[in-house]
Amino acid sequence: LAAGWRAVLSDRLDHIIPADSGQGDTLNSLREAYVSWQQEGGGLIVEFGRINLRQGPAYGYNPTDYFRTGAVRAATTVDPFALRENRLGTVMLRAQRLWANDSVSLALAPKLADAASDAGASLDLGATNAMNRALLSWSHKFSDQLSGQLSTYTEQGGWPQLGASATALLGESTVAHLELSSGRTLPLLGDPLVVQRRQHGSAGLTHTLANGLSLTAEYEY
């Protein structure tokens with residue numbers, strides 16, 4: 001738009017045959033719509049609008065991808081890469097500070113609606129902004145072979161979640177990744193009043209063959 005300013009717009013229209021029971025056959029998903037300002041020299045970036053903030057290096061399951069909840073409007077695939085790209089972004093204010101080997105970012109997402117909507121043309125703010133949420137992250141590049149990230153996430157009515165992830169280059173063709181999240185949560189099954197600290201994790205290796213084919217093995221907990 002101008003020096004240091006840019007606008008991002010990403011929209012997806014799905015026509016589903018046959019549609020799920022109780023839903024329309026056409027769903028519009030405003031995936032991203034935000035403006036971004038970057039300081040001259042690139043040290044500070046501020047963004048505002050609907051942003052698809054994706055976290056974590058794992059492939060099939062990302063424990064630290066805290067803004068994924070409720071963000072898939074049209075589940076037309078089980079491919080985790082496609083789901084991460086095609087889901088709804090969250091309306092937020094995000095600021096990021098960059099250094100040579102470090103970055104710190106803060107994302108603040110306000111409550112804008114009470115519940116998700118099945119209406120085909122809805123912005124569906126209740127799916128992504130049904131509560132106040134915040135995410136603080138610090139990333140560090142230890143060397144050309146090792147980098148990592150620490151984060152803390154909190155939401156209205158919940159408990160803080162601590163996240164950590166790392167990637168490491170093991171030789172010229174193999175990359176290892178590790179992703180962990182820990183915090184007090186309500187159980188998915190059992191007594192709904194029992195609050196316990198629970199851990200979630202993913203760990204894996206990706207090996208790239210000489211012909212360009214990549215093979216990934218991942219353990220998810």
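The model is predicted, so local features need pLDDT of at least 70 and side-chain atom pairs count only at pLDDT 80 or more, while totals for chains, interfaces and linings use all residues. Residues are numbered from 1 along each chain as its sequence is written, and side-chain values use heavy atoms, leaving out hydrogens and water.

**Exercise 1.** Work out which kind of aromatic pair Y66 and Y153 form.

*Solution.* 
- Step 1: Recall the rule: rings of Phe, Tyr and Trp (its six-membered ring) pair if their centres lie within 6.5 Å; planes under 30 degrees apart are stacked, over 60 edge-to-face, and the rest tilted.
- Step 2: Take the values for Y66 and Y153: 4.8 Å centre to centre and 5 degrees between the planes, a stacked pair.
- Step 3: Look around: ring pairs link Y66, F67 and Y153 into a cluster.

**Exercise 2.** Find out whether E47 and R94 are buried or exposed, and how their side chains meet.

*Solution.* 
- Step 1: A salt bridge needs a side-chain nitrogen of Lys or Arg within 4 Å of a carboxyl oxygen of Asp or Glu.
- Step 2: E47 and R94 meet in a salt bridge at 3.6 Å, N to O.
- Step 3: E47 and R94 are both buried (under 20% relative accessible area; exposed is over 50%, partly exposed in between; 1.4 Å probe, protein chains only).
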